[in-house]
Amino acid sequence: MNKNNLRNFFKLLLFLPGIFVSYGLFAQQKATVKGVVSNKSNSPMQGVNVSIFGLPGGVATTADGSFEIVVEADVKFEIVFSSIGFNTVLLPLQLSPGEIKVINQSMEISATKLPAVEVKDQKFNRGAFTRIDPKTVGQIPNASGSFEAVLKTLPGVVSNNELSSQYSVRGGNYDENLVYVNDIEIYRPFLVRSGQQEGLSFINSDLVSGINFSAGGFEANYGDKLSSVLDIKYKKPKVFAGSAYASLLGGGFHLEGTNKKKNLGYLLGVRYKSNSYLFKSLETKGEYKPVFADVQGLVDWEIDAKTELTFLGNISYNKYQIIPVHRETEFGTINQALRLTIYFDGQEVDEYQTYTGALSLTRFVTDSIRLKLIASTYKSFESESFDIQGQYYIDELEKDIGSDNFGEVAFNRGIGTFLQHARNDLEATVYSIEHKGYSDKPNSQLQWGVRYQHEVIDDLLSERQYIDSAEYSLPHPPDNIGGGSNPNQEILLQEVIKTKANISSNRISGYLMNNWYLGGTSKYTISAGIRGNYWDLNDEAVFSPRVSLTYKPDWKRNLSFRLASGLYYQPPFYRELRDLDGVVNTNVEAQRSIHFIGGMDYVFLSWGREFKVVTEAYYKKLDNLVPYKIDNLRIRYFAENTSSGYAAGIDMRINGEFVQGVESWASLSVLKTEEDIENDFYYTYYNSDGEKIVPGYTYNNVVTDSIRTEPGYIARPTDQRVTFSLFFQDYLPKFPSYKMNMTLVYGTGLPFGPPGRDRYKDTYRFPSYRRVDIGFSKILIDEDGTKQYRMKLANKIKSMSIGVEIFNLLQVNNTVSYLWVTDVTARRYAVPNYLSARTLNVKINARF
């Protein structure tokens, strides 16, 4: 891009918002409902959902129990109050234009606690987003303990690794997901290879007040990624409170409160995690020493009635150390049962230290115009260091069921040694400053934003791998068979990567969008906007128009439809620039995806309770893609825009009270995603008799012929055709303090193939992923109870529970990746690396 084009780009970003700030639509007549919600003891209740029955939108009560919601005047409606553990209240109303109705509602305890119904707290119905109750996160049993476990039960979201917080969405990969906390973009470490190394997710669930997730078709105010958005809001404390938890996998606590003037609030969260207990169930036995810890803090200062200053900080330290000793894995088929035995020497030590800090200033210029300025920084120090040698044995097992040695070693197929070495260090720094603006009108909202970002990456990569199987890789004299030779008596390493990179670059991005909420006999929500991005490293500018429509017909108030489409770009970050050999290509361009999405929401009554069915069909046209291969969590890019493809599918979800008083849901997704890689071909060799033969050999002095084959469209690494997930809650009817929570996940196998650059060889499939986690809990102190205890300390605790979790209840050996080994005949075997086995966890929670 030349200087004139860049200058015009800036003018577009800065000039358009000034034109539209004064823009507005003619307002319909409105009225207001406000008040305070309290419990039976007349104590204010925070987090009660207040909404209008049958319409999108809603609010949640603040810490002092107050709420305020704007409604249409001269229209009959029902206002709904709902909260966990309380009976839902519906009140019929009809207000005059400009009327302010005050309702102080008292909530009565129900027979059991139920998670809050799904309510959207934005002014406009955001059809592309799913709202998740933060209280649900703590209900889900999961081995990683990560916040993202709740996402993995949603349609379109795939994760076949319970040890990791990473996920893919609708055929994308882990790098294609946006994550925001209080409008601040969150980054993940670069060098993580496996879930064992990953540590803690950034998001601390104890600090969360709002969760919105979009699997596609999101608006222009969200950044430049191809697949999804997770938008998190942290709490704004109004009173002193806290929580603590401890389990066999770690523990943590959080505190929140304000000063006496109630204009300065704070959040503090501390977490510690050690998965050594869980790692004992892995097949590789040894001494595991994982240490994962972080501290997060938020300070919110209301300088005056129109100005707010917020600071968010995070310090995270993750260290993973293993001294492997022994591994034994059985694999193969009934006709050929095999066992791999490895004896290890050496160790692995990985460290990831990350620091995040952000300062946000919000100013209400008028009652309808809000301006925001955000400055943030992210710093990451990452290192990988391992020297591991393994002596392995490939044995075939006795398969005769009538033999006394059934299942024992029948004979040996190969003996070998491998050596893995790495000294990798990476330092990443990201600085950004951003302006956001909002102009609210009665029936619309205009949003705009401009962002500048500076990135510095220092990367030192040194890896090598050597595999020797019964002299297969040992130096030997020239070999005339087949023309092979090794005249220099060298030991050839299978993989050597040594590179050093230093990259400094700048990005400029901006957006302009408007939301319209149109009434009448039908309800329309329209969102339209455009987004731009320029990166000086590859001198590329891209523009991304996006539009969505939600329609709620008057003839069926419990039915709504939505359409969304947009052009989405993902400019490369450092991962996409580094190829399989560690070479950095700064000419990689932005990947592109065009989204076409159609969906429907249907709310119905069954067994006297409300259920909601959500269905979305989508097609994504993909081009200018960067091909990649996945090994566990490590994504290895080809660093070239040489691929085009598509992703198509349908997502379905039903949620409601399958058991009265508690919410559960089930999700089903069907997906197909393929790509065609340029210059991806291979040769098939034939002799004069037309028989397929090994390339490069001469048979009976007859030169072989070859035929070039281009594979065309092949399955992408994330092509998981069918996934089903279930989150189910239950309780004992006569003893509702005894609860059960269960998650079930099933997914068909993903593609994989041997190591190397040839993606067309990835024709194999992992076994299906099957996992059931279940948790049982007993409420010791009920948050809404009135019982007084002899111990004064117990009376200060709002709630307390103790529980038992069983991970991988069905003891399924799920495969996360493969180790490739070779026998004396040069035959290669893909030995599965299994995930965690059945494990028991004990956990205690308390809130005060």
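**Exercise 1. Work out how much accessible surface the chain has, and what share of it belongs to carbon and sulfur atoms.**

Solution. Keep in mind that this is a predicted model.
- Step 1: now look inside. Of the 848 residues in the chain, 53% are buried.
- Step 2: count the elements, and you get 6 helices and 48 strands.
- Step 3: check the contacts between residues at least 6 apart in sequence; 68% of them join residues at least 24 apart.

**Exercise 2. Find where Asp175 and Arg575 sit in the chain, and decide whether each is buried or exposed.**

Solution. 
- Step 1: the two residues form a salt bridge, with 3.4 Å between the closest N and O atoms.
- Step 2: Asp175 is in the loop between β11 (168-169) and β12 (177-181), while Arg575 belongs to helix α5 (residues 574-577). That puts the partners 400 residues apart, so to speak in distant parts of the chain.
- Step 3: the cut-off for buried is under 20% relative accessible area. Asp175 comes in at 7%, so Asp175 is buried.
- Step 4: Arg575 has 15%, so Arg575 is buried too.

**Exercise 3. Take the salt bridge between Asp581 and Arg757 and say which parts of the chain the pair ties together.**

Solution. 
- Step 1: the N to O distance in this salt bridge is 2.2 Å.
- Step 2: Asp581 lies in the loop between α5 and β30 (591-606), and Arg757 in the loop between β42 (751-752) and β43 (764-765), so the bridge ties together parts 176 residues apart in sequence.
- Step 3: with 37% relative accessible area, Asp581 is partly exposed. Arg757, at 41%, is partly exposed as well.
- Step 4: follow shared partners, and salt bridges connect Arg170, Arg562, Asp601, Lys612, Glu616 and Asp651 into one network. The whole structure holds 39 salt bridges.

**Exercise 4. Find which strand gives the largest share of the nonpolar surface patch.**

Solution. 
- Step 1: colour the patch, whose members include Phe240, Tyr266, Trp301, Ile303 and Leu361; the patch has about 1,000 Å² of accessible area altogether.
- Step 2: two or more residues come from each of β18 (264-273), β20 (291-304) and β22 (337-364).
- Step 3: β20 gives the largest share, 3 residues.
- Step 4: Ile303 is in β20, and with 38% relative accessibility Ile303 is partly exposed.

**Exercise 5. Trace the strand partners of β34, then the order of a 4-strand sheet.**

Solution. 
- Step 1: strand β31 (residues 609-625) runs antiparallel to β34 (residues 643-659), joined by 13 bridges. Val614 has Arg653 in β34 as its bridge partner.
- Step 2: 15 bridges join β34 to β35 (residues 662-677), again antiparallel, with Gly656 opposite Ser664.
- Step 3: β34 and β35 make a hairpin with 2 residues between them, and Gly661 in the turn has a positive phi of about 95°.
- Step 4: now go to the open antiparallel sheet, ordered β3-β2-β5-β6. β3 (59-60) and β6 (89-93) each have a single partner strand, so one side of each has no neighbour in the sheet.
- Step 5: inside it, 4 bridges join β2 (residues 49-52) to β5 (residues 77-82), and Asn49 stands opposite Ser82.

Methods. Residues are numbered from 1 along each chain as its sequence is written. This is a predicted model: local features need pLDDT of at least 70, side-chain atom pairs count only at pLDDT 80 or more; totals for chains, interfaces and linings use all residues. Side-chain values use heavy atoms; hydrogens and water are left out. A salt bridge is a side-chain nitrogen of Lys or Arg within 4 Å of a carboxyl oxygen of Asp or Glu. Buried means under 20% relative accessible area, exposed over 50%, partly exposed in between (1.4 Å probe, protein chains only). Two strands pair if DSSP finds at least two bridges between them. Patches are made of residues with over 30% relative accessible area and no salt bridge: like charges are joined within 9 Å, nonpolar side chains (Val, Leu, Ile, Met, Phe, Trp, Tyr) within 5 Å. Accessible areas come from the Shrake-Rupley method with a 1.4 Å probe; for residues, only the protein chains shown count as cover. Contact means heavy atoms within 4.5 Å.
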